[in-house]
Amino acid sequence: MPYNPDCDSLSRDSDPAVARVGSECVRHSDYSERLRIIDAGMEHAVEQFLSETPGQEYLRIWYDRVRFYGSETIALAEAIRDAVLYQQAEASGHIPSEEEVAAARDNDRLRAETSSDYIRLVKLAYDGDEAGFREVLERSKHPDLMRIRQDSDPAQMMASLADIDWRPLEQSLKEGEELLQSIGVERYWQEIVPSKLRRDMAIDLLQAAALEASLDGPRADIPRLAWLDYQQQALADADIALTDAVPAYIFVHNTLAYLSDLLEAERNALEEEFRLFQQRPDQRQP
């Protein structure tokens with residue numbers, strides 16, 4: 001019999017388990033991080049709709065899907081999907097080395113600890129303070145800002161940031177810091193972040209392997225479909241249960257229905273894109 005951990009016993013922890021997926025417990029920190037991103041995206045979507053910005057079809061589809069399933073269900077569904085795929089990656093040996101995970105964690109920690117620099121830059125660009133902007137950009141140790149400093153002109157960067165409102169960014173940073181403090185700073189960086197990075201990197205390796213294998217199979221024309229097939233089968237075979245730490249209105253069948261809907265929508269989009277590609281004059285057979 002497969003090992004099924006008692007995730008319910010962890011439901012009163014500072015970072016409680018919200019679900020059991022096979023032999024692993026999905027933690028609340030992973031779920032809540034996704035939920036925060038989704039809720040922020042919903043606020044952004046509403047702002048875009050109110051401004052009547054053109055070209056919002058994809059955003060509208062995403063917005064309607066979140067409204068239909070609920071942001072909590074979607075956040076949990078995404079955490080469950082990644083847990084399922086990570087177990088598949090682990091079983092097939094697609095796991096990054098500890099050195100790779102540690103390097104990625106250190107880079108993320110430096111980025112997080114200097115993220116306030118980015119917000120300062122947005123505010124300075126918003127205020128039109130070029131001298132202050134150049135000063136913060138020059139001294140920042142933020143990895144992304146250091147790369148931008150080497151590859152682009154500060155004036156161009158300032159112009160690209162000038163229309164961004166810095167206040168939502170500052171609020172998001174504050175909420176992230178509060179979440180980190182509630183979990184414990186060192187626990188977050190020594191346990192939670194490495195676990196998340198290991199999972200994400202392993203899933204990337206698994207996806208690369210699935211795409212490579214598809215090149216000799218029936219999905220050779222559209223390799224991405226092979227990855228969708230893989231995910232659908234993995235989810236169909238998964239053993240999933242929720243704990244008491246999850247809101248009572250969230251159910252396993254709703255999370256799986258969302259994932260099935262999402263995968264089917266991507267499948268239809270890929271097939272339609274390939275159909276249109278084949279109809280192009282330069283792709284027709286002589």
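Predicted model: local features only at pLDDT ≥ 70, side-chain atom pairs only at ≥ 80, totals over all residues.

Reader: Over how many bridges do β1 and β2 pair?

Author: Strand β1, residues 17–21, pairs with β2 over four bridges in the antiparallel sense. At the level of residues, R20 has C25 in β2 as its bridge partner.

Reader: Let us turn to charged side chains. How many salt bridges does the structure hold?

Author: Side chains of opposite charge can pair when their charged atoms come close. The structure holds 25 salt bridges. One of them joins D30 to R34, with the closest N and O atoms 3.1 Å apart.

Reader: Where do D30 and R34 lie?

Author: Both residues lie in helix α1 (residues 28–50), four residues apart, which is about one turn of the helix.

Reader: Why does D30 count as buried?

Author: The cut-off for buried is under 20% relative accessible area. D30 is buried because its relative accessible area is 11%. R34 also counts as buried, at 11% relative accessibility.

Reader: Which residues are linked with D30 and R34 in a network of salt bridges?

Author: The network links D30 and R34 with R81, D82, K196, R199 and D200.

Reader: Which distant parts of the chain does the pair of R139 and D117 link?

Author: R139 and D117 form a salt bridge whose closest N and O atoms are 3.7 Å apart. R139 belongs to helix α6 (residues 130–139) and D117 to helix α5 (residues 115–127), and the two residues are 22 residues apart. R139 counts as partly exposed at 43% relative accessibility, whereas D117 is buried, with a relative accessible area of 6%.

Reader: How far apart along helix α12 are E272 and R275?

Author: They are three residues apart, about one turn of helix α12 (residues 252–278). E272 is partly exposed, with a relative accessible area of 34%, and R275 counts as partly exposed at 37%.

Definitions and conventions
Residues numbered from 1 in each chain as written. Heavy atoms only, no water. Pairing = 2+ DSSP bridges. Salt bridge = Lys/Arg side-chain N within 4 Å of Asp/Glu carboxyl O. Buried < 20%, exposed > 50% of the residue type's maximum accessible area, 1.4 Å probe, protein only.
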